[in-house]
Amino acid sequence: MYESHYGFSEKPFNLTPDPKYLYPSPRHAEAFAHLEFGRRERGGFIVITGEVGTGKTTLARYFLSKLDARTASAFVLYPALTAAELLRSTLDDLHVPFQGASLKDHVDALHQFLLQARREDRQVVLLIDEAQDLSAEVLEQIRLISNLETDTEKLIQIVLMGQSELHELLGRRELRQLAQRVTARYHLMPLSRHETEDYVRHRLMVAGGEGKVTFSAGALSAVHGLSGGVPRLINLICDRALLAGYVGGTRAIDVAMVRRAAHEVRGEGAPRRLPRAGLAALLAAVAVLGVAGVVAARRPAAEPLPAPAPSVAAAAVTPVTTPPTVDLPRLEPLVLALDGEGSRRSAFAAAHALWGGAAVEVTPLRTHLEMVRRLDLPAVLELVHPARRDPCYVALVAMDENGARLSAGGTTLRVPLGELDRLWTRQAFFLWRDFESLSAAGPERSVDFARAHLARLGYLNGDGPLPDAVARFQHDAELAADGIVGARTLMALYSRSDYPQPRLSRRERTAS
């Protein structure tokens, strides 16, 4: 309706997932890098999640559009299918003829196609959007498809994209085998204020409207505040605002037009910025629920964690006194109340306290809850929420199959794993102790240590090649299988050792 008024070649804020409109924000660029890394590695699953409207489907179509002619792809957009229907849809997209109606017939046809593609040095990608709607039965069938492999690599790369509920789905016990095969994960967050402004300009430019329409600085700020930085809501608000400009005979979009536009679409779920009074009311409600430690999160935090010493001396550990545990039905109120930098210092101090003050190493790792459980070491987790602009941090101090115990802002609380996983960015900082001072002793000591422990764990027989054994251990530990004994590999080896160290899985927290 308004394209000719503004000189657009097409409507810039359509809701269709057109890949040419993908705005390369740092978040979307990083998500695309995870997709590319997983594809090139030809291993495990790639999982990309994000809240509703954050641009997952647009990213999926952009990723598929960048595949070269030697890569065959199948795109499943509506996953509410049976296992047989999913396989048939995949075969149809790959133009694979098949006979028979059984699952075995479908799998055999797919296997033959994949083997032929491998002989021709071609790659095959299966991308499933809205994967949170898949049933456990279908996910198990997908896992079985991923078993189609040669001795050295997978024959098909599978990408699962979906809303945050996908994390909870993959966290179910019966799907743990699939979850353990995820090699790349990324959670798409809403855009920041600066990114929102660039996003609006980018779409106007792609539609041919650069210099032909202007959003005032206040209007752009209002777009971000009223949309929460969610691309789909940005599109809705900007489309209505442009319509208002057309009706008013102007090409200058101001704050009032944006606010009226947001009012029109608010019934479709556009979030409003939480005012200070709203935050105060939230904290008051949390206090009524008994979360006494939330306000304490605003107090000055402990000093930053000291840098790891190059040589670690033995240190006796005194029992750690922890605050009373609070049963919190939802983690979100606390995440909204925590100060970003203050929570980081507090979380590291709480995790470090489990080591009784001994010097420790800190190793960052993007991972998942099953691997955290296997490492069984204290960690600091980075959490996010769409209503806040920066991340916050909590210390993970205990964990079992039913939930996790966190320390945050002076409060200890137990939360369900699904709730934690939904707010976690997958970024963890593990605290571990280099008991043998290997980091300072040089690579020879690390090699000797790795050889001894890999032999004990059954990865190395006699004088076999150490890099191969290291790579096998790394693969099982879901680390980059490069065969090099680095900090992450040492951390994983120590976690499988008998050295006395604090564990997530038990209450004893002593080290010597």
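This report looks at a helix, a cavity and a loop residue in a predicted model.

## Helix α3

Helix α3 spans residues 56-65, and because seven of its ten residues are buried, this helix is largely enclosed by the rest of the structure. The buried residues are Lys 56, Thr 57, Thr 58, Leu 59, Ala 60, Phe 63 and Leu 64.

The packing partners of these buried residues include both helix and strand elements: they pack against α2 (26-41) and against the strands β1 (45-50), β2 (71-76), β3 (123-128), β4 (157-162) and β5 (182-188).

## The largest cavity

Two cavities of 30 Å³ or more are found when the whole structure is searched, and the largest of them has a volume of about 90 Å³. Its lining is made up of Arg 42, Leu 114, Ala 117, Arg 118, Arg 122, Gln 123, Val 124, Lys 154, Leu 155, Ile 156 and Gln 157.

Among the elements around this cavity, α5 (103-119) and β3 each supply at least two lining residues, with α5 giving the most, namely three residues. Sorted by class, the lining of the largest cavity holds five nonpolar, two polar and four charged residues.

## Asn 402

Asn 402 sits in the loop that lies between β11 (392-399) and β12 (403-408). Because its relative accessible area is 65%, which is over the 50% cut-off, Asn 402 counts as exposed.

When neighbours within four places in sequence are left aside, Asn 402 is in contact with Arg 414, Pro 416 and Leu 417. Asn 402 and Gly 418, which are 16 residues apart in sequence, have their C-alpha atoms 9.4 Å apart in space.

Note on methods
Residues numbered from 1 in each chain as written. Predicted model: local features only at pLDDT ≥ 70, side-chain atom pairs only at ≥ 80, totals over all residues. Heavy atoms only, no water. Helix = DSSP H or I, 4+ residues; strand = E, 2+ residues; numbered from the N terminus. Buried < 20%, exposed > 50% of the residue type's maximum accessible area, 1.4 Å probe, protein only. Contact = heavy atoms within 4.5 Å. 1 Å grid on protein atoms, 1.4 Å probe; cavity = no way out; pocket = protein on both sides within 12 Å on 5 of 7 lines; lining within 4 Å. Points joined across faces, edges and corners; volume = space filled by probe spheres on them. Nonpolar A, V, L, I, M, F, W, Y, C, P; charged D, E, K, R; others polar.
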